[in-house]
Amino acid sequence: MLASLVVLAAAAAEAANQSGGLPQLNPSDFSPQLVWLAITFGALYFILSRWSLPRIAEVIEERRNRIQRDLDEAERLKAETEKALAAYEQELAAARARASAIARETREKLAAEVEEERARVEAQVNAKIAEAEKRISEMKARALAQVNDIATETAGSIVEKLIGAQVSADEARRALEPVPGE
Amino acid sequence: MATGAAEGAHGPMHQFEINRLAEFEIFGIDASFTNSSLFMVIGVALIVGFLALATNGRSLVPTRLQSVAELAYEFIANMVRENVGTAGMKYFPFVFTLFSFILAMNMLGMIPYSFTVTSHIIVTFALAALVFVVVTAIGFARHGLGYLKLFVPEGVPFWLMPLIVPIELISYLIRPISLSVRLFANMMAGHTMLKVFAGFVVSLGIFGFAPLLFTIAFTGLEFVVAFLQAFIFTVLTCIYLNDAVNMHH
């Protein structure tokens, strides 16, 4: 700036020597410049503010709106996707829960059935065992009774053969009865 | 005028001379079509033509040209938003017009044998004065007489007021001058320097390559300055607008 002013002063001095004044300082040239500055600047302002600048603003605005619209649309689609995903996951979880419930139910039912069957079979088996035991004890008692009879008969016969005495069945039975405390 | 033009045909100041291409008056005011007017019209036509061409397709996926137009739009829109806030977007067309006009004039001046409209103090001053008037009008329209509080900063002890208020007032009133002189001086000095050094290329003969190299490098710098000065003018306008719209000091 300072250097410019020095050069300016030097040039001005030179011009003053050559032609008697700076061309910029000639008052008779002022009015045509001012008139045409007013005309051209005014025209430029009028055209730019009414036509050129709104045209550019329109394009920029439209682009901004378009981008905003696209962004909004993308945002909306994203939200929708997320909603769908959440619904899917919820559905999946519900299905999984249902499946496990069914499995558990089935398992429990089967276990109950098995238990019931087992109890029934066990009862049957027990009944059969009891019956068999009863029959065995009966047979044993019957056999024992026959053993006594046979022993009495045999004892009588042996006594008769040995001593020739007739032993009554009652006497033989009494003799064969176990001695208490033995 | 005629003698000056003939005499200074090779001088560094020749490029700044106003030539009347068609002389006429409107209501007694000299409204001649000059070389300056010609470049103003060319610049405006280029801006409008470029924006028309760029927004021709108005496609959602911008073409290369449309990207440039949108880039320029967003560049100035962000500048206004950052410096003035959303309330300042009402004045966005004015700021954009200012930026595109000054940038076009600065850049057109970089073409050899062309004319740099913004190298004339009367033009830059008129633009700066327009900014000043617009900003002041907005300030009073939005805040009424409260806008005068701009000159009474908060938190300053009252006994400093006799000192602070005149300083604030002067710094406010000096804005159109600083704004216009900065642009004018930069454009004029750069172009003069280019011309002076370009003249050395011929006069130094075989050693002319030194100023030639300098001129080439300086031309690059001048393109930067042409953009930068348009940018600075616009940013300062935004800062002044912020004062008027928000009154934040």
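Helices (H or I, at least four residues) and strands (E, at least two) are DSSP runs, numbered from the N terminus. The exercises below apply this and further terms to a predicted model, in which local features need pLDDT of at least 70, side-chain atom pairs count only at pLDDT 80 or more, and totals for chains, interfaces and linings use all residues. Residues are numbered from 1 along each chain as its sequence is written, chains are lettered from A and ligands numbered from 1 in the order in which they are written, and side-chain values use heavy atoms, with hydrogens and water left out.

**Exercise 1. The elements of each chain**

Determine which pattern of elements chain A follows, and which order the elements of chain B take from the N terminus on.

Solution.
- Step 1: Chain A has three helices and zero strands. Read along the sequence, its pattern is therefore α-α-α under the DSSP rule.
- Step 2: Chain B contains eight helices and four strands. Their order from the N terminus is α-β-β-β-β-α-α-α-α-α-α-α.

**Exercise 2. Burial and extent**

State what share of the residues of chain A and of chain B is buried, and classify B:Glu82 as buried or exposed.

Solution.
- Step 1: Buried means under 20% relative accessible area, exposed over 50%, and partly exposed in between (1.4 Å probe, protein chains only).
- Step 2: In chain A, buried residues are 15% of the 182 residues. In chain B, 48% of the 249 residues count as buried.
- Step 3: B:Glu82 lies in helix α3 of chain B. Because its relative accessibility is 69%, B:Glu82 counts as exposed.
- Step 4: The C-alpha atoms of B:Glu82 and B:Ser59 are 28 Å from each other, the two residues being 23 positions apart along the chain. The whole C-alpha trace of chain B spans about 65 × 55 × 45 Å along its principal axes.

**Exercise 3. The interface**

Describe how many residues of chain A and chain B are in contact, and how many salt bridges cross the interface.

Solution.
- Step 1: Contact means heavy atoms within 4.5 Å. By this rule, 45 residues of chain A are in contact with 62 residues of chain B.
- Step 2: A salt bridge is a side-chain nitrogen of Lys or Arg within 4 Å of a carboxyl oxygen of Asp or Glu. Three salt bridges are found across the interface of chain A and chain B. In the one between B:Glu70 and A:Arg63, the closest N and O atoms are 2.8 Å apart.
- Step 3: On the side of chain A that touches chain B, α1 (2–19) and α2 (30–163) of chain A each supply at least two residues. The most comes from α2(A), with 28 residues.

**Exercise 4. The nonpolar cores**

Identify which residues have the most contacts inside the largest nonpolar core, and which element gives the most to this core.

Solution.
- Step 1: A nonpolar core is a set of buried Ala, Val, Leu, Ile, Met, Phe, Trp, Tyr and Cys residues joined through side-chain atoms within 4.5 Å.
- Step 2: The largest such core has 65 residues, and B:Phe101, B:Leu127 and B:Phe233 have the most contacts inside it.
- Step 3: Among the elements that give two or more residues to this core are α2 of chain A and α8 (209–246) of chain B. The most comes from α4(B), with eleven residues.
- Step 4: Not counting residues up to four places away in sequence, B:Phe233 touches residues including B:Leu98, B:Leu127 and B:Leu183.
- Step 5: A second, separate core has seven residues, including A:Leu22, B:Met13, B:Phe16 and B:Ile121.
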